[in-house]
Amino acid sequence: MSTSKAERHRADVLVSCLHGRCAELIPALEEEIERRGLAGEVEVVEAGCRGLCSMGPVLLIQPEGLFYTNVQPTDVPELVEETLVKGRFVERLAYKEPVTHEAVCHYEDIPFYSKQVRHVMHDCGMINPESIDEYIAVGGYQALGKALTSMTPGEIIDEVKKSGLRGRGGAGFSTGRKWESTRRAGDGIRYVVANGDEGDPGAFMNRSLMEGDPHAILEGMVIGAYAIGAHQGYIYVRDEYPLAVKNLGIAIEQAREYGLLGEDILGSEFDFDVKIVRGAGAFVCGESSALMQSVEGKVGEPRPKHFHATERGLWDQPTALNNVETWANVPLIINNGADWFASTGTEGSTGTKTFCLVGQIENTGLIEVPMGITLHEIVYDIGGGIPGDREFKAVQTGGPSGGCIPASLLDLPVDYDSLTEAGSMMGSGGMIVMDDHTCMVDIARYFLDFLKEESCGKCTPCREGIRRMLEILTRITEGQGEMADLDRLEALAQTVKSASLCGLGKSAPNPVLSTLRYFRDEYVAHIEDHKCPAGVCKALIEYYIDEEKCIGCGLCRRKCPQEAISGEKKEPHTIDRELCIRCGICHDVCKFDAVGVK
Amino acid sequence: MPKLKSLEELEKLRTRLQKDLDARVETSTTITVGMGTCGIAAGAREVMHAILAELDARDMDAHVTTVGCIGMCHKEPLVDIQQGDEPRITYGNVTPKMVPRIIEEHLVQGKVVEEWAVGRVAAGQEG
């Protein structure tokens, strides 16, 4: 069926699911339509299978969308008379819509989605990321067309500046201003770089974007490159994201084939191409200067920032480096305008932000919310709360270098400035929810352990400072801490924060500082009372059996790897404290809640 | 595919692709499997193979396509079914064992397997 032909008709009758049955149905329809003098108005089309084969032959009458099932040639005169001549519906042949359809809720009514505002992730999970055709069909590359044909580079930069878009990688620098500085810096070669080196534990929003909508990132990069005057771009992706690398690669190939990358893009005489650089998965390479070293083929170590990357970045040329999510926001701004973009979010933090909601949360997943939404809404409305009716304790934002935000600050609006003020940071968008079974001292220790491995070792405060802080924290979790340790921790943290070379070191003390600030009593309990209130730190806890609750089933006795549990059948059991290694298996297996921790 | 030389050519292509996509959705069944890393880790590849095998066994025609992560990682593997202008129905935590029943009831009998459905998108709203 050619579309132009169909448009001339008043109605189309689409016949499907014939599967060889009722071959006479189509001729019968055509004959009847002819007889009623409707031949010029109504076209009969044999369409593909609609899946309802058991109800075939199936008829769909467009544009009304009337749907008939089990249509036999004998039904044809009535059907044509009623529906096509008189415009009435033939109940008898109606598709019996299962009432249950309504029982399944609309996406917008699912609590998980109802508070989300999906702009950047709009097409993720909706279009096939391996098909440029699907991206174009939903309006892709229209922003690029608009930018190249009707906007000057200056106008694009102004629009992005006006939108208030800030870097989605975490630091939150104004994207428009970054572009402006890059454009103004000299008149030689310039570069654009997309940072897809997502390394925070529990964060996967950049990965999902690169996998699910790679063309949106490319489109943003071409627009940015045109605005800045760059002709070469790089996407830095860690090799642990094989599907992201694959889908980006396919997207680049397709864009080149369509002339949306390469020379003379859309006849605008603007040339631009993109290369993928695969990273080896070092956390520090997410830091801009280390990333650029890595792109150049050198060891990924940060360098002092006497010059900004916008002046001397990649190969010492002016470079605009943005997170992949920042790039994907650009087509939205060009298509809908800066005012539309700024109408979502808060005054200082416009637009939306994607977060990965993980940890002790009912609905683990990837969310996109307007800036300024409260943590409470994210955790309880979107996240569905804490599983097992446990109590919310803290949420860790900004990855290992972010901070832990306590329950008392649940009404905090999520934007760049509020999070920084609370001692955490936006980061790229990891959000780890913790319940009351999480020990905050242990969490600080865990993150420092991660950072100790990931510190590149170039500057002393970060390399040595993190190790010393980790030693103190380990000591405290083992019950060997002293009160003076808290002051030492604080002093070390301040030094590392102010004296480190790059963002990794500068933010590394955040887990320590924020837990000290909000959960100091837990540190004190570890040091003074030799107790771990959350029941996590093995050296400080003791498992015991509640005689009242124990029925002597013997399950814990059989499961104990140390044979530390003894007792007669149907009599309360006991744990030998000397033998117990505090593995917690007895606690996990007991069906009567008789094993406690103190 | 010849290179696009102007915005007009891009717009023409878009109109054509949009119509093709609409026609595909309107005249056939589209089965969409979430195949981001989260989906694959939860077993989406096995589910997709089960769908293809089941369609093959029944000699049925449907467009099976893959998409990235839609965000509901806790419900992966996710499978969406859209037929004509019916709402697009999403099934969550799908295993290969569930596939024959989904195909039998949803595709053949036209009944949504309610207990496994997690949501729907009204037709025409997803674009």
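**A strand and its two partners**

Modeller: Strand 11 of chain A is joined to strand 12 (residues 403-406) of chain A by 4 bridges, and the two run antiparallel; strands here are DSSP runs of E of at least two residues, helices are runs of H or I of at least four, and both are numbered from the N terminus. Two strands count as paired if DSSP finds at least two bridges between them. This is a predicted model, in which local features need pLDDT of at least 70 and side-chain atom pairs count only at pLDDT 80 or more, while totals for chains, interfaces and linings use all residues. Residues are numbered from 1 along each chain as its sequence is written, and chains are lettered from A and ligands numbered from 1 in the order in which they are written.

Within this pairing, A:V395 has A:I405 of strand 12 of chain A as its bridge partner. The hairpin formed by strand 11 and strand 12 of chain A has 5 residues between the strands, and in it A:G398 takes a positive phi near 85 degrees. Strand 11 of chain A is also joined by 5 bridges to strand 13 (residues 430-435) of chain A, again in an antiparallel arrangement, and there A:Q396 has A:I432 as its bridge partner. Because 6 of the 6 residues of strand 11 (residues 392-397) of chain A are buried, the strand is largely enclosed by the rest of the structure; buried means 20 or more other C-beta atoms within 10 Å of a residue's own, exposed 12 or fewer, and partly exposed in between, with C-beta atoms placed from the backbone.

A:I250, in helix 11 of chain A, counts as partly exposed, since it has 16 C-beta neighbours inside 10 Å. The C-alpha atoms of A:I250 and A:E130 are 6.5 Å apart in space, although the two residues are 120 apart in sequence. Between the chains, 56 residues of chain A are in contact with 51 residues of chain B, contact meaning C-beta atoms, placed from the backbone, within 7 Å. Among the elements that each supply at least two residues to the side of chain A that touches chain B are helix 11 (242-257), strand 1 (11-16) and strand 10 (365-370).

In chain B, an open sheet of 5 strands has the order 2-1-3-4-5 with mixed pairing. Strand 2 (63-67) and strand 5 (117-121) of chain B stand at its edges with a single partner strand each, so one side of each is left without a neighbour in the sheet. Inside chain B, strand 1 (residues 29-34) and strand 3 (residues 79-83) run antiparallel and are joined by 5 bridges, with B:I31 standing opposite B:I81 of strand 3.

Key. Two residues are in contact if their C-beta atoms, placed from the backbone, lie within 7 Å.
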